[in-house]
Amino acid sequence: MAAAKAKPGSINFASSGNGTSQHLSGVFFEQLSGTKLSHVPYKGSSESLSALMGGQGPDLIFENLAPALPYIKAGKLRAIGVTSAKRVSTLPDVPTVAETLSGFDVVSWQAIFAPAGVPKPIVAKLSGALVNTMLDPEMKSKLVSMGIEPSAMTPAELATFQKAEVEKWAKVIKTANIKLD
């Protein structure tokens, strides 16, 4: 693994690559806090986490909880804040960044989509089944143990959430003038 170049004398943050949610989380943090950060991109989470734990340049990382949680539990990483607006159940003593930085709310999310022409009754049936699965106590427990905080939305709620996310990240990218190769 080739170490990415970190800028001496600045706060260097690792990410799993240019344009990833981890990269944009650092940019968003920088924009809201006024803190000067230098981005150190790697080729994936395993490389960026290894570089951080190995002292190869980055000072911190914005990372999804699921890949970082085993290292936190093993004492190899120290969680200093979670990026969601609410504390997470697997790390209840770790504060949210939003507790001290108003407006900072970053969550990793997944959604299931279907073609636009699928009839509404079928979408409703699929959505209901998915919500029931996500909120099933056994499934929820398994996901939480992996650092995933499950939630469920109706198709209308998802559309509203997705629209807000696109607007937020478009603003972050435009403000930072991020251009990807």
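Helix α3 spans residues 65–73, and its buried residues are L65, A68, L69 and I72. Buried means under 20% relative accessible area, exposed over 50%, and partly exposed in between, with a 1.4 Å probe and protein chains only. After α3 comes G75, whose phi is positive, near 80°.

This is a predicted model, in which local features need pLDDT of at least 70 and side-chain atom pairs count only at pLDDT 80 or more, while totals for chains, interfaces and linings use all residues. Residues are numbered from 1 along each chain as its sequence is written, and side-chain values use heavy atoms, with hydrogens and water left out.

The protein chain has six helices and three strands. Helices (H or I, at least four residues) and strands (E, at least two) are DSSP runs, numbered from the N terminus. Along the sequence the pattern is β-α-β-α-β-α-α-α-α.

The three strands form an open sheet in the order β2-β1-β3, with parallel pairing. β2 (37–41) and β3 (60–61) stand at the edges with a single partner strand each, so one side of each is left without a neighbour in the sheet. Two strands pair if DSSP finds at least two bridges between them; β1 (residues 11–15) is joined to β3 by two bridges. A14 stands opposite I61 in β3. Helix α1 (residues 21–33) lies across β1 and β2 and runs at about 150° to β1. Such axes are lines fitted to C-alpha atoms, for helices over the stretch in contact, and angles run from 0 to 180 degrees between N-to-C directions.

I11 belongs to strand β1. This residue is partly exposed, with a relative accessible area of 36%. I11 touches T35, K36, L37, S38, D59 and L60, leaving out residues up to four places away in sequence. From I11 to H39 the separation is 28 residues in sequence and 8.7 Å in space, C-alpha to C-alpha.

Some totals for the protein chain follow.

| Item | Value |
|---|---|
| Box filled by the C-alpha atoms, along the principal axes | roughly 60 × 40 × 35 Å |
| Buried residues | 31% of the 181 residues |
| Contacts joining residues at least 24 apart, among those between residues at least 6 apart in sequence | 59% |

Definitions and conventions. Contact = heavy atoms within 4.5 Å.
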